[in-house]
Amino acid sequence: LRWSGHKRRGVYLYEIILIINKMILTAGPSITQKEIEYVTDAITNGHGEHWADYIKKFEKSFAEYIGVKYALSTSSCTGALHLALVALGVGKGDEVIIPDCSWIATASSICYTGATPVFADVLPDTWCINPNSIEKNITERTKAIMPVHLYGHPAEMGVIKGIAIRYNLKIVEDAAPSVGTELCWKKTGSFGDIGCFSFQGAKLLSTGEGGMLVTNNTELFEKVKHYSEHGRLGTGFDISHIGFKYKMSNLQAAMGLAQLERVDELVMKKRLLYQCYKENLECVNGISLNKVSTQFERPNYWMTSIILEEDFNILRDGVMLKLKERNIDTRPFFPPISSFPMFKDANNSVSTYIGQNGINLPSGHNLTYEEVVYICNTIKEILGV
């Protein structure tokens, strides 16, 4: 910090200027002594008959937190999504409807099964899948809907469930970034037939890499377990199906359990960061932040983000470059998945627009209020407002 003084109407005014000498990153985990102790214990004692102690504790505790019967830890959310689709019988000739604005893993997991991802547009305010676009894309080949709770905002699950019931479709929630997000006092991941979460290093709850599959359906859970064990029957070496190995290690589960025991603190910090950004940026015309449509939505605000909605005489990428020069790291919104060469472009206008104009701002747990103010002031300066 340094003082900056200037004279106005004969009076010296002073303001505190924050000097940033290192990069403010977009994300990062919150690691405390609890995580260190649990992982150390897993390294020291997690062998032999104790090889899965933390895995079992983590899965049980996570299921209770989400409000479901079953949870299965995985090596990634991508693996969890793949297992979910296989358990639901999705395969060659089937179609699964997903939002065009998402990380590629949403589509990739469908392609792994031989099925085809179909790209629906997203809503302009919440950036989650548009239910009207879902209905427009349903065909006789549609097997499931995979909504994404983008950047921690809940998709319109009530409407989506209604569509699924009308057309006899399954729902797999890509809840990757939404640990702690609620809709109508229910946690995301508990609305569909199966929900899948990510614990990748940048996520709110991290195990470095990892994921979790959750469900209330006993039959589906047994199928998922079967396929996750290489299609093994029981505990022996008899195999009935080609399966997969998407297991989480006991070390990762130890870190995950520690993070889960702090989850309310982690979610609260994300929501506090969003409020800080909102206080400093909502007065800027031409910028929109994450929006809550109803009082029943409680995002976890994994990523506080902005959309540039007016012509500021500088493109989105130019803004990001200038922020980088001031030691502020940012991420662009996901481009439409359908724009990639392996797919047919769906020409979804909202997904295209926000993909070109959206910025994920620094949202790591260790961010300070002063750093948020610095980021906001720098954005205003760059935009000339």
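This is a predicted model: local features need pLDDT of at least 70, side-chain atom pairs count only at pLDDT 80 or more; totals for chains, interfaces and linings use all residues.
Seven strands form an open sheet in the order 3-11-10-7-6-4-5, and their pairing is mixed. The edges are taken by strand 3 (70–74) and strand 5 (116–120); each has a single partner strand, so one side of each is left without a neighbour in the sheet. From one strand to the next, the twist averages 25°.

Helix 2 touches strand 3, strand 10 and strand 11, and its direction makes about 130° with that of strand 3. Helix 4 also packs on the sheet, where it touches strand 4, strand 5 and strand 7 (170–174). The direction of helix 4 makes about 150° with that of strand 5.

The nonpolar cores come next. The largest holds 61 residues, and the members that touch the most others are Phe58, Phe62, Phe197 and Phe199. Several elements give two or more residues to this core, including helix 1 (33–45), helix 6 (157–167), strand 11, helix 8 (250–260) and helix 9 (263–281). Helix 2 gives the most, with seven residues. Another core, of 33 residues, lies apart from the largest one.

In one of them, the ring centres of Phe58 and Phe199 are 5.5 Å apart and the planes meet at 45°, so the pair is tilted. Phe58 belongs to helix 2 (residues 53–66), while Phe199 sits in the loop between strand 10 (194–198) and strand 11 (211–215), so the pair ties together parts that are 141 residues apart in sequence. Phe58 counts as buried because its relative accessibility is 0%, and Phe199 is likewise buried, with a relative accessible area of 0%.

A second tilted pair joins Trp103 and Phe334, at 6.1 Å centre to centre and with 35° between the planes. Here too distant parts of the chain are linked, 231 residues apart. Trp103 lies in the loop between strand 4 (95–99) and helix 4 (105–112), and Phe334 in the loop between strand 15 (331–332) and helix 11 (349–357). What about burial in this pair? Trp103 has 53% relative accessibility and therefore counts as exposed, whereas Phe334, at 17%, counts as buried. Both rings belong to one aromatic cluster, together with Trp127, Tyr151, Trp302 and Phe333.

Finally, lysines are found over tyrosine rings. Lys57 lies over the face of Tyr54, 5.3 Å from the ring centre. For Lys187, the charged end sits over the ring of Tyr65, at 4.6 Å from its centre.

How values were computed
Residues are numbered from 1 along each chain as its sequence is written. Side-chain values use heavy atoms; hydrogens and water are left out. Rings of Phe, Tyr and Trp (its six-membered ring) pair if their centres lie within 6.5 Å; planes under 30 degrees apart count as stacked, over 60 as edge-to-face and the rest as tilted. Helices (H or I, at least four residues) and strands (E, at least two) are DSSP runs, numbered from the N terminus. Buried means under 20% relative accessible area, exposed over 50%, partly exposed in between (1.4 Å probe, protein chains only). A charge sits over a ring if NZ of Lys or CZ of Arg is within 6 Å of the ring centre and within 35 degrees of the ring normal. Two strands pair if DSSP finds at least two bridges between them. Axes are lines fitted to C-alpha atoms, for helices over the stretch in contact, and angles run from 0 to 180 degrees between N-to-C directions. Contact means heavy atoms within 4.5 Å. A nonpolar core is a set of buried Ala, Val, Leu, Ile, Met, Phe, Trp, Tyr and Cys residues joined through side-chain atoms within 4.5 Å.
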